[in-house]
Amino acid sequence: MARDKVTYESYEQDVFDNPPKGPVGVHRGSRSVISRIAPFVIVILVAALCGFGAWAWVTGEYKNILNLNTSSQTAQTSDTEKKDSSDAKSDSTHSSDTKSENTDSSNAQSDSAATDNAGQSAQQDQAAATVNKATQVRVINATGISGYAGQKADVLQTAGYTSVEAANPTGSVPTSTVVWYQNEADKATAEDVASTLGISAVEQVQGLAAPITVVLLN
């Protein structure tokens with residue numbers, strides 16, 4: 001029996017026998033201009049850097065480049081040190097100004113205190129130089145002449161003294177006529193009493209019975 005010849009038409013048609021129309025194989029979209037030229041640019045830059053490096057090495061220019069970087073760093077360090085030094089000087093100047101202000105203030109306080117002390121001394125001197133004719137004056141008669149102390153007391157009253165008394169000595173007496181005063185404030189008054197009575201000796205003595213005591217002797 002003869003075998004039938006099998007051909008393409010002997011098989012039943014299916015979906016694979018009628019594929020869709022279109023391009024066959026892998027399809028790639030078009031690339032941008034930058035993406036196409038970027039590899040060439042990178043290759044050119046690398047080649048240029050390699051050439052520059054080889055040129056710098058052969059000619060020794062790399063040393064100048066290194067020295068330039070070192071000089072730049074040194075200059076930056078110097079500027080920083082100058083700035084720190086300037087800040088330190090500014091702080092020192094400020095501290096000196098503060099000390100000067102404190103010294104001026106202390107001197108002003110000292111001058112003020114000296115002025116106050118001088119004013120007080122002047123007031124004390126003025127008070128000491130004031131004659132007070134209301135001060136109690138006691139006239140002691142150590143001459144042995146009756147009524148002599150009363151006569152001198154009258155002279156003082158005539159001169160304006162309002163509190164004068166005559167008395168006799170009760171203890172030791174000096175060797176010559178003298179006017180005694182007890183407090184420094186009565187010095188001017190004692191000197192005025194002595195001038196009024198013609199007495200040259202005026203002395204300060206403590207423990208007197210009256211602020212001013214006149215001792216009359218021959």
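What distance should the 27 residues of helix α1 (residues 33–59) span at 1.5 Å a residue, and how far apart are its end C-alpha atoms? The expected span, taken as 1.5 Å times one less than the number of residues, is 39 Å, and the end C-alpha atoms are 39 Å apart, which agrees. The structure is a predicted model, in which local features need pLDDT of at least 70 and side-chain atom pairs count only at pLDDT 80 or more, while totals for chains, interfaces and linings use all residues. Residues are numbered from 1 along each chain as its sequence is written, and side-chain values use heavy atoms, with hydrogens and water left out.

Four helices and five strands make up the secondary structure of the protein chain; helices (H or I, at least four residues) and strands (E, at least two) are DSSP runs, numbered from the N terminus. Along the sequence, these elements follow the pattern α-α-β-α-β-β-α-β-β. Helix α1 has a kink of about 30° centred on Pro39, where the bend at a residue is the angle between axes fitted to the seven residues ending there and the seven starting there. Gly60 follows α1 and has a positive phi, near 80°.

Next comes the sheet. The five strands are arranged as an open sheet in the order β2-β1-β5-β3-β4, with mixed pairing; two strands pair if DSSP finds at least two bridges between them. At the edges lie β2 (164–167) and β4 (202–204), each of which pairs on one side only. On average, neighbouring strands are turned by 20° against each other, direction ignored. Strands β3 and β5 run antiparallel and are joined by four bridges, and Val178 has Val215 in β5 as its bridge partner. Helix α3 lies across β1, β2 and β5 and runs at about 155° to β1. For these angles, axes are lines fitted to C-alpha atoms, for helices over the stretch in contact, and values run from 0 to 180 degrees between N-to-C directions.

Of the 218 residues in the protein chain, 17% are buried, meaning under 20% relative accessible area, with exposed over 50% and partly exposed in between (1.4 Å probe, protein chains only).

Among contacts with a separation of 6 or more, 72% involve residues 24 or more positions apart. Not counting residues up to four places away in sequence, Val137 touches Leu156, Tyr161, Ser163, Val164, Glu165, Val193, Ile212 and Val214. Glu165, found in strand β2, is partly exposed, with a relative accessible area of 35%. The C-alpha atoms of Glu165 and Gln136, 29 residues apart along the chain, are separated by 8.1 Å.

How values were computed
Contact means heavy atoms within 4.5 Å.
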